[in-house]
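These are my notebook entries on one structure, kept in the order in which I looked things up.

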Amino acid sequence: MKVLIIGGTGFISGEIARLATEAGHEVVLYNRGEASPDSPYRALRGDRNDLVAHADALRAERADIVVHAIAGTEQHAHDAVTAFRGTGARLLVLGSMDVYDAFQAANRGREVADHPLDEASALTPIRYYYRDLMPGDAKRADYDKNLMTDVLLAAHARGEIRASVFRCPMVYGPRDKQFAGRHGYVLRRLADGHKRLVMGLQDQGRLWTFGYVTNIAAAIVHAFDQPVVDGRIYNIAERTWRTKRRWAELYAQAAGVELEYQLLPDELVEQDAEARNAPPMHLIIDSSRYAADTGFTDPIPLASCIQRTLDWAMAHPDVLGPLPDYAAEDRLVAAYADAMARLAPAPTTIS
């Protein structure tokens, strides 16, 4: 098949391009990057905001599959419909699990849902849902993947395009630009040779839904010859969930390190007042529909995902976030231990 990827050099889309090429597909990229002399891909130069201006060139590619990896707004969806209307190409669009009401409510300190969430779970009623959370971020001003999805699937229903949306979880793995906010809390310490891990009592049990980058990309490539997905929405993620502490233990085991856990009340560990007062923040997603419909299973087992991520992180410690103040952590642990000792009741004696 001929595959046109809008993006194609990013964290997830780069893996999609690589796996698609390895599977024997012809891959063409559309992005604004500079061509690398050793790039295996032919590329069209343009911005995601200028799809309509480049529509003739895009349509001339006669792609069987179009993967839109960087659509985030209602306008991006309208532009994709305009650019590929009537071509017969199947449009696979990367979405996000931040569309669910449970996710956006948790960001605002509320608990509104039972878990796990599936594709029919309540979506956030908030439009442009990062405007109030990131008021100065121009890139997020029009971001709304619910509106994006509505436009795409409405056009699919009208027969203008063939579209599917794949909602991605917290994606981890080599080249992750968000390592610090994913698993950086433990990888940073392992890279520094620091074996003490300070965690909040509540925070250690946080449950989020993750997906390893190559498995997420493989799920998209698997859809290339699965027309059953047309017009549908799928959650793409690992089928099991683990606590924040469990993730730490898996990385420590892979590194051959035995961590010393120091558990403190979250009020002491969290520096932000709103975070200290937040309810438990869980995001547990049911991704079984895609497997049931297409037979997809993750090609990379968890142990390999952990090891590959750890190895890359050890070679790139600059992506793991700022160096923690370990001395301050030690003082906090000592102060808490001292306070608990002073609060302990005196032993009962009999005279």
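Before listing any lining, I note that on a 1 Å grid over the protein atoms alone a cavity is a set of points where a 1.4 Å probe fits but cannot get out, and that lining residues have an atom within 4 Å of a point. The model is predicted, so I keep in mind that local features need pLDDT of at least 70 and side-chain atom pairs pLDDT 80 or more, whereas totals for chains, interfaces and linings use all residues. Residues are numbered from 1 along each chain as its sequence is written, and side-chain values use heavy atoms, without hydrogens and water.

Entry: cavity. I searched the whole structure and found one cavity of 30 Å³ or more; the volume of the largest cavity is about 40 Å³, a volume being the space filled by probe spheres set on the points, which are joined across faces, edges and corners. Its lining includes Ala-102, Ala-105, Arg-110, Glu-111, His-115, Pro-280 and His-282. By class I record six nonpolar, two polar and two charged lining residues, where Ala, Val, Leu, Ile, Met, Phe, Trp, Tyr, Cys and Pro count as nonpolar, Asp, Glu, Lys and Arg as charged, and the others, Gly among them, as polar.

Entry: backbone. His-115, from that lining, is joined to Pro-116 by a cis peptide bond with omega near 5°. Pro-116 sits in the loop between helix H4 (101–107) and H5, helices being DSSP runs (H or I) of at least four residues and strands (E) of at least two, numbered from the N terminus. I also noted Arg-62, a residue other than glycine with a positive phi near 50°, in the loop between helix H2 (55–60) and strand E4 (65–68).

Entry: sheet. I traced an open sheet of seven strands in the order E3-E2-E1-E4-E5-E6-E11, with parallel pairing (two strands pair if DSSP finds at least two bridges between them). Strands E3 (42–45) and E11 (233–235) are the edges, each pairing on one side only.

Entry: helix pair. The axes of H8 (244–255) and H12 (302–315) come within 9 Å and cross at roughly 70°, axes being lines fitted to C-alpha atoms over the stretch in contact, with angles from 0 to 180 degrees between N-to-C directions. The two helices, H8 and H12, are therefore roughly perpendicular (65 to 115 degrees).

Note on methods
Parallel < 35°, antiparallel > 145°, perpendicular 65-115°, else oblique. 1 Å grid on protein atoms, 1.4 Å probe; cavity = no way out; pocket = protein on both sides within 12 Å on 5 of 7 lines; lining within 4 Å.
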